[in-house]
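The following note sets out points for a colleague to consider alongside the model. Please read each point with the sequence and structure in view.

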Amino acid sequence: MASTTSTPLSLSSSSSTLIDGKVPPPPRQSAPKSSHSLTLPTLPPPPLHSHTRPRKTAAYCRKIGCSVVTMATGEAPAEVVATELPDIVKRVQEAWDKVDDKYAVTSLAVAGGLGLWVSTGMISAIERLPLIPGVLELVGIGYTGWFAYRNLIFKPDREALVQKIKVTFNDIIGSS
């Protein structure tokens with residue numbers, strides 16, 4: 001096993017280092033005395049950009065402070081005063097007000113979110129198995145080809161598919 005030798009770290013510095021902000025070059029090390037020794041290089045000096053950062057931070061904080069003071073003491077900007085809810089939010093609020101059993105609807109929404117989370121976890125677990133994703137991809141390609149052959153190639157089959165989609169849509173929506 002090779003022996004390691006290193007020079008001790010010295011933290012003493014001259015007054016010129018503190019005044020100039022420059023670090024003197026490290027002293028030259030002599031060549032190792034044996035072929036089994038290992039020395040580590042010295043680290044470069046830290047960057048000297050820290051003296052400009054507090055001014056930028058303070059100026060940025062002053063800008064935010066002025067904005068906050070202006071908002072607190074002055075009138076609010078026009079964009080804050082004239083905020084109108086989008087139409088979809090109004091529709092959702094009206095639909096929520098019409099619901100009688102809000103507990104059941106909330107429970108169903110939470111159960112749906114939980115089911116989505118669980119199914120996402122299952123799909124990611126299946127994807128990590130070595131052969132399953134490839135097999136499922138082949139099954140999907142095969143089913144897509146079969147569906148296209150069965151329902152999309154010939155005109156009577158396409159018309160029947162469109163009619164079935166319209167009937168199913170009207171059953172779900174409830175309008176005729």
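1. Contact here means heavy atoms within 4.5 Å. Among contacts in the chain between residues at least 6 apart in sequence, 27% join residues at least 24 apart. The model is predicted: local features need pLDDT of at least 70, side-chain atom pairs count only at pLDDT 80 or more, and totals for chains, interfaces and linings use all residues. Residues are numbered from 1 along each chain as its sequence is written, and side-chain values use heavy atoms, with hydrogens and water left out.

2. The chain has 7 helices and 0 strands; helices (H or I, at least four residues) and strands (E, at least two) are DSSP runs, numbered from the N terminus. Of the 176 residues of the chain, 2% count as buried. Buried means under 20% relative accessible area, exposed over 50%, and partly exposed in between (1.4 Å probe, protein chains only).

3. Helix H6 (residues 132-151) and helix H7 (residues 155-173) have axes that come within 7 Å and cross at roughly 105°. Axes are lines fitted to C-alpha atoms, for helices over the stretch in contact, and angles run from 0 to 180 degrees between N-to-C directions. H6 and H7 are therefore roughly perpendicular to each other (65 to 115 degrees). Phe147, Arg150 and Asn151 of H6 make the contact with Asp157, Arg158 and Leu161 of H7. These residues divide into 2 nonpolar, 1 polar and 3 charged; Ala, Val, Leu, Ile, Met, Phe, Trp, Tyr, Cys and Pro count as nonpolar, Asp, Glu, Lys and Arg as charged, and the others, Gly among them, as polar.

4. Leaving aside residues up to four places away in sequence, Asn151 touches Asp157, Arg158 and Leu161.

5. The 19 residues of H7, at 1.5 Å a residue, should span 27 Å, and the end C-alpha atoms of H7 are 27 Å apart, which agrees. The expected span is 1.5 Å times one less than the number of residues. Just after H7, Gly174 takes a positive phi of about 95°.

6. A search of the whole structure finds 2 aromatic pairs. Rings of Phe, Tyr and Trp (its six-membered ring) pair if their centres lie within 6.5 Å; planes under 30 degrees apart count as stacked, over 60 as edge-to-face and the rest as tilted. The rings of Tyr143 and Trp146 have centres 5.5 Å apart and planes at 40°, so this pair is tilted. Ring pairs link Tyr143, Trp146 and Phe147 into a cluster. Trp146 is partly exposed, at a relative accessible area of 41%.

Definitions and conventions
Angles under 35 degrees count as roughly parallel, over 145 as roughly antiparallel, 65 to 115 as roughly perpendicular and the rest as oblique.
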